[in-house]
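Thanks for making time for this.

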Amino acid sequence: MKNFDAINHLKGKSLYIDDFPLPEGTLHAVIFDSKIAHGKILSLNIEKAKLIEGVYAVITAKDIPNENQIGGIILDETLLAENEVHFIGEPIAIVVAKSVQIARKAAKEIEIEFHKLEVIIDPRDAFAKNSLIVSPIIFSSGNVNEAFKECDLVVEGSIDSGAQEHLYLETQGAISIPVEENKIKIISSTQSPTAVQKQAAKVLGVAMHQIEVDVLRLGGAFGGKEDQATAWAVMSCLAAKILNKPVKLVLSREDDLRMTGKRHPYSSDYKIGLMKNGKIIAYEVTFYQNAGAVADLSTAVLERTLFHTTNSYFIPNVKATGISCKTNLPPNTAFRGFGGPQGMFVIESAIVKAASLLGLPVSEIQKTNLLVDNNSFYYGQVVKNSQAVNSWVEAEEKFNSKLIIEETQDFNNKNKLYKKGISFMPICFGISFTSSFLNQASALVHVYTDGSVGISTAAVEMGQGVNLKIASVASNILSINVDKIRVESTNTTRVANTSPTAASSAADMNGNATLIACTTILNRLKDFAKIALSATENDVITIVDESVLLNNQKTELDWKNLIQKAYFNRISLSAQAFYATPEVHFDRKTNQGSPFAYHVYGTAITTATLDVIRGTYKIDSVKIIHDIGESLNTNVDLGQVEGALVQGIGWMTMEEIKYSDEGKLLANALSTYKIPDIYSAPENIEVQFLENSKNASAPLNSKAVGEPPLMYGIGAYFAILEAIKSAKPNKDFIISAPITPEKVLIALQG
Amino acid sequence: MDQKLEFILNNKSVSVEINVAKTLLDFIRNDEGLKGTKEGCREGDCGACTVLLGEIVNNKLKYKSINSCLFPIGKAAGKHIVTIEGLNDENNYLTPIQKEFNEEGASQCGFCTPGFVNSLTGYVIENNKLEFHKAENAIAGNICRCTGYASIKRATENVIEKIDNLNISGFDRIKSLVDENFLPKYFLEIEKRLVILGKNELNDNLSKNIIGGGTDLFVQKAESLLTEEISFSNNGKLNEIKVCGNNICIGGSVTIEQVKNSPIILKYFPTIDLHLNLFASLPIRNSATIAGNIVNASPIGDSTALFLALNSNLTLNLLENKRIVKLSEFYKGYKNLDLQKGEFLEEISFEIPNPNTKFNFEKVSKRTYLDIASVNTAIKIETENNLIKSVFLSAGGVSPIPLFLKNSSNFLTNKIINTELVLEVLNIVQSEISPISDIRGSAEYKRILLNQLIKAHFIKLFPELINVEEMI
C-alpha cells in the first residue's frame with residue numbers, strides 16, 4: 001500500500017499554507033524583528049510605517065489584549081518583545097498590509113533604539129556567568145568515583161556537536177480567519193494544534209473554544225514546528241482579531257532561518273572507565289546545552305539527552321549532568337532525536353578514544369557492552385525485549401562485516417591518496433514522551449451511510465505517513481479496503497487536547513486510539529448483524545474483506561448494506577476513543593523511573609572514503625539492520641529510515657550553523673547552509689528490518705520509526721574519523737561535529 | 001517596466017502586459033494561481049520551483065529545466081512554460097514518472113515533489129539514451145529533506161528501465177512520450193504553436209541594464225529590479241560558441257550548460273563536462289551565462305577561475321565601439337571592473353589549446369555539488385618533455401578578485417615538472433593571495449586548501465612525475 005497523500009503531491013495538488021485559497025480581503029503580515037542580540041528597547045517608533053499606503057496596522061506588545069506570553073514549559077517567552085530583546089530575529093512588531101511587499105516596505109520604516117547589553121553565544125561562557133534556563137539536572141546510578149578507581153583505563157575528553165537547521169521545505173506560516181463574532185479559525189502548519197489553540201486563547205484572552213485550529217498537512221517539520229510554529233499562528237490570530245480580517249503570515253526562507261531555533265549545539269566533557277577487556281565500568285559526563293534565549297523545549301530535550309547518555313550500552317556506574325545554558329541565540333528547539341543524538345555522540349566519542357588507548361577495535365568495545373534483557377538503564381528502567389545484540393549480530397552476518405573490514409584494510413594498504421574508514425553505530429531509542437502526561441491520544445471515527453469512513457485523530461501528517469498507518473489500522477480492524485477510509489485534517493474541534501505529533505509516537509498512540517474506536521464500532525456492527533441475520537447467542541459473526549460472515553460462512557450482508565441497515569436501526573456509526581500509554585512514569589525528584597513504553601534498536605555499518613589531498617570525503621555505504629517490529633507499512637518505514645539516516649549524516653558532516661560574536665546567523669541562506677543533496681547521500685543505503693521482533697506496545701506489533709534511525713547518521717562521522725586516522729596514524733584528533741571538509745583538511749595538514 | 005509578452009503556459013496561450021522583471025514563480029503562483037510550483041528558498045538552491053522551458057532551437061523544440069524563482073518573466077516571451085499542472089495526465093491518472101515515484105515512496109511531505117517530477121521529465125524529453133548518472137545530474141538541483149534520496153534514486157532507475165523497455169524512438173520523441181502518457185496530448189501542438197508565436201522575444205536595446213541568466217541578480221536584488229530599466233541578453237548573435245581563427249569564441253548570452261555540451265569545447269577539453277557539473281545545478285546552468293558570471297565579479301566565481309586559466313580575452317561593446325581586455329586585467333578591485341557605463345561583455349575568447357596542453361579545474365566546497373567553493377583553481381599547462389612551456393594558474397576565494405596567479409605562473413614557466421617544483425611554487429602562491437575568514441572557511445583553511453588543490457592539479461595531470469608521498 002502506498003501513501004495516498006503522495007498521489008496529490010505528485011500532481012502538485014496538495015495544499016500547504018502558502019497554497020490555500022484566501023478569503024476575500026485577506027491581509028498579509030510581516031514580522032519586524034530585532035537586529036541586535038541583546039539590549040534594552042529605548043524607543044520604538046511605528047508612526048512612519050503606519051502611514052504607508054496599504055498598511056492596516058503595526059502591532060506591538062502594547063496591543064496585546066491579554067497576556068504577552070507563549071512559553072510552553074516555562075513562562076519566559078513573549079510573543080512580541082516589550083522592554084528587552086534577547087536574540088537577533090526576536091519579533092518586535094507585526095506589520096499588516098494589503099500585500100507582503102507593502103508590509104516589507106513598511107517594516108523598513110520602523111525606527112527603534114536600543115541600549116546594547118552583553119551578548120553570550122557560547123554555552124560554557126553562559127554557564128560561567130550563571131546564565132541558565134534551570135538548575136543543572138543530574139541523573140546517576142552506582143558510584144562513579146569509586147568505580148573509576150577499579151578501572152584499568154580511565155580516559156577524559158571534551159567534544160562538541162553543532163546546531164542543525166530543520167530546513168523543512170515549507171517555511172513556517174499560518175492563516176487566521178475570523179469566522180464569526182468571537183471565533184477565529186487558524187489554519188496552521190504546526191505539529192501542535194492544541195499548543196497553538198491554547199497560546200492564541202491566552203494571548204487574546206478568550207476561551208479555547210473560541211479558537212479553532214486546523215492542520216491539513218505540513219511540508220516537513222522534523223521538530224521545528226512542534227513549539228516554534230506557535231508564535232506565527234498566534235501573531236496572525238492576534239492581527240486577525242485586532243483588524244477583524246483574515247490575516248496570512250508566511251515566513252520567507254530568510255526570515256525563517258534567522259528567527260527560528262535549531263537543534264541544540266552541545267559542548268560536553270566526558271570521563272570513561274573500562275577494564276582491559278573493553279567492559280565499561282563507569283561513565284561520567286557533563287552536557288552544556290546551548291538553549292538559546294528562552295526555554296522553549298530545552299529542558300525536555302536535555303532530559304532526553306540524559307536518557308540516551310549510554311546509548312545501547314549497559315554501564316553500571318553513570319553520572320550525567322545536564323546544564324541548559326541561556327545564550328543570546330534564537331531559542332533552540334525540538335529536532336528529530338530531541339537531544340538523544342547529542343548524548344549518543346558523546347559516548348561514542350568516548351569509546352573511540354578509549355579503544356585507541358586500550359588497543360582494541362572500537363567495535364569490540366561496543367559489542368561487549370550491548371544491553372541485554374534485565375540490565376537496567378541507569379535511570380531505573382529494566383531492559384525488556386532488547387534487540388541490541390540481535391541487530392548487531394544480524395548486521396555482522398547479513399552484511400558480512402568481516403569482509404567489509406578486510407576490504408577496507410586492503411584498500412588502505414594499497415592507496416595513499418584515498419583512505420577508507422568504517423564504523424559500527426548501534427542505536428537504542430526510547431519511545432514515549434518523557435513527560436508522561438503527554439502520552440495520550442484520541443480518535444474520532446465516523447462510518448458514513450455509504451460505508452465510507454472518516455477518521456480524525458491528534459496526529460498531524462507531515463510526510464511521515466501517519467495518515468496511512470492510521471488508515472491501515474482501521475482497514476485491518478474493520479476489514480474494509482483502505483480506499484474507503486479517509487484520514488481527515490487534524491482539527492481541535494474534532495479532537496481536543498492533543499499532544500504534539502512528536503516523540504515518534506503519533507502512529508503508536510493515535511493508531512491505538514483508532515484501533516479502540518474501530519473496535520467499538522465493529523462490535524456494535526457485529527451485535528447488530530447477529531440480530532439482522534437472526535443468529536443465536538453462540539453464533540460467531542466476523543467481518544472479512546467487507547463481507548459479513550456467520551460462523552465463517554458468507555451471508556447476504558456485505559459492509560455496505562450492513563452499514564445501511566445499521567443506520568436505519570439507529571445503531572451509532574461513530575465512536576470516539578482515548579488511549580493512554582500504560583505504565584510509563586518518571587519521578588523528577590529522584591530522576592528514576594520507567595518513562596518509555598519500549599525501545600527501538602538497530603545497527604548501522606558505515607564506510608567512507610577520504611580524499612587525503614583535498615580533505616573531502618564521500619559516504620560510500622550505510623548498511624542497516626533496523627528494529628521495526630512488524631512494520632505497518634514497509635514502504636513508509638523504509639522511507640523513514642533512509643530519510644532520517646541522511647538527515648543524521650547531514651548534521652554530522654556538512655550542516656554547519658555559525659553565529660558571529662554579535663549573535664548574527666552567518667549561514668543565513670540556502671546558499672551558505674548546505675543540507676545533503678542527491679550526491680552527498682550515501683551511494684549505497686541498504687536497510688533490512690530485524691527479523692522476529694515483536695512489540696505489544698504499539699498497534700499490530702509495530703514499532704515507532706520517526707526519530708531512531710537519525711542516529712545511524714552518527715556513524716558517518718566516525719567512519720570519516722577512522723579514515724583520517726588511517727591517513728595520519730600517529731596524530732591525535734579532536735574534531736567537533738560537523739566534520740566539515742575544512743575541519744578534516746586542517747586536521748590532516750594543520 | 002511593463003511590456004507586452006506572449007508565450008504559452010502549459011496548454012494556455014498567454015498575452016499580458018507585465019513588468020518583465022517579475023519572477024516567473026510569482027507569475028505562475030500569484031497571477032495564474034497554479035500552486036503546484038512551490039517557493040522554497042528564492043535563490044535557486046532548492047529546486048522546489050523548477051519548471052520546464054520549451055523553445056525552438058535550430059528548428060527543433062527543446063526543453064530545459066529552470067528555477068522559476070530566478071527567471072524574469074520577460075525571458076519567457078515566445079517560449080513554452082510547463083508547470084506540474086501542465087504535465088499532469090488529462091484523465092487524472094499518474095504519468096509513468098509520477099507512478100514510479102509513488103511506487104517507491106519517493107514523495108513524503110511532498111513539497112519538493114513537483115520540482116523533481118519536472119526535472120526528471122525534462123531529462124526524459126531531451127535525452128534519447130537515458131543513463132542513471134545523467135538523470136541523477138538532472139535532478140541534483142532538487143533538494144529533498146525527507147527521503148534521503150534513496151527512494152528517488154530507485155524511482156529514477158525504474159523510469160529509465162521502463163523507457164528502455166518501451167524502446168521509444170528518438171525521431172519524434174515528444175510524440176512517443178505522448179503516446180506512452182509521459183506527456184499530455186497538447187504537447188504535440190506546441191512546436192507549431194511556438195513557430196506561429198514566432199520569435200517573440202523582446203526587442204532588446206542592449207545598452208540598458210543587461211540581464212544574462214539573472215541567477216545571481218534575482219537572488220541579490222529581485223525587488224529593486226522591478227523598478228529598473230532592464231534588457232535581456234538572449235540575443236541570437238550572442239548565443240553562439242564558434243571557432244574564430246585560432247580562438248574559441250563564446251558569445252555573451254551563452255549559458256554554462258551550452259558550454260558543457262558544446263562539441264567544439266568538448267573536442268579540446270574532453271573532461272569539461274565533469275568540471276562544469278560542479279558549477280551550480282542544471283536548472284541554474286541552463287539559465288546562467290558565462291558572461292554574467294564574469295561580470296558579476298565574485299571572487300569565488302567558478303567560470304572566472306576557469307576562464308582565467310584559459311588566458312581569455314573579453315570583447316567589450318559600447319554602442320558598437322568594441323575593445324578587447326584581458327580577463328586577467330578586467331578586475332580592478334572587489335566588484336570593481338574595467339567596464340564603462342553602457343558597455344557590455346559581448347564575447348569571451350581564448351586560444352585553441354595545442355596537443356601538448358593540459359587543463360584541470362579543482363573546486364572544494366562544503367557540499368561537492370550545488371555549492372559555492374571555499375577555494376577553486378584552474379590550470380592550463382603546455383609542456384614539452386616535462387618542461388613547462390607555458391602555464392596559466394588561477395585561484396578563486398583567496399583574494400578580493402578572481403585571481404590570475406601571475407608570479408606563480410611565471411615561476412613555473414621553463415621549469416621541469418617534479419615534486420620539488422610543485423612544493424616550491426606553493427610558497428609563491430601563498431605570497432600572491434590574501435584570503436579572509438568567512439562562512440566558506442577560515443583564512444588558514446583557504447591557504448592550506450589552495451596549496452592542496454595546486455598539488456592536486458599536478459598529481460592529476462602528471463601522475464608519473466610526482467611523488468605522492470611527499471604531497472600528502
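How are H5(B) and H6(B) oriented to each other, oblique or otherwise? Before I answer, please keep in mind that this is a predicted model, in which local features need pLDDT of at least 70 and side-chain atom pairs count only at pLDDT 80 or more, while totals for chains, interfaces and linings use all residues. Residues are numbered from 1 along each chain as its sequence is written, chains are lettered from A and ligands numbered from 1 in the order in which they are written, and side-chain values use heavy atoms, with hydrogens and water left out.

Now to the answer: the axes of helix H5 (residues 132-139) of chain B and H6(B) come within 10 Å and cross at roughly 125°, and the two helices are therefore oblique to each other. Helices here are DSSP runs of H or I with at least four residues, and strands are runs of E with at least two, numbered from the N terminus; axes are lines fitted to C-alpha atoms, for helices over the stretch in contact, with angles running from 0 to 180 degrees between N-to-C directions. Angles under 35 degrees count as roughly parallel, over 145 as roughly antiparallel, 65 to 115 as roughly perpendicular, and the rest as oblique. In contact, meaning heavy atoms within 4.5 Å, are Phe132(B), Ala135(B), Glu136(B) and Ile139(B) of H5(B) with Ile152(B), Lys153(B), Thr156(B), Glu157(B) and Ile160(B) of H6(B).

H6(B), residues 150-166, also packs with helix H4 (residues 113-126) of chain B, at an angle of about 30° and with the axes 12 Å apart, so H4(B) and H6(B) are roughly parallel to each other. On the H4(B) side the contact is made by Phe116(B), Leu120(B) and Val124(B), and on the H6(B) side by Ile152(B), Thr156(B), Val159(B) and Ile163(B).

Let me turn to the interface between the chains. Chain A gives 72 residues to the contact and chain B gives 76. The area buried between them, that is, the accessible area (1.4 Å probe) that two parts lose on being put together, summed over both, is about 6,200 Å², with carbon and sulfur atoms giving 59% of it. Leu10(A), Ile678(A) and Tyr679(A) supply 14% of the area that chain A buries against chain B, more than any other three residues. Between the chains there are 11 salt bridges, each a side-chain nitrogen of Lys or Arg within 4 Å of a carboxyl oxygen of Asp or Glu. The side chains of Arg614(A) and Glu362(B) meet in a salt bridge at 2.6 Å, N to O.

A helix pair also joins the two chains: H19(A) packs with helix H19 (residues 443-461) of chain B at an angle of about 75°, with the axes 10 Å apart, and H19(A) and H19(B) are therefore roughly perpendicular to each other.

Finally, two backbone details in chain A. Ala737(A) and Pro738(A) are joined by a cis peptide bond, with omega about 5°, and Pro738(A) sits in the loop between helix H18 (714-727) and helix H19 (741-749). Ser479(A), although not a glycine, has a positive phi of about 55°, and its place is the loop between helix H14 (466-478) and strand S19 (485-487) of chain A.
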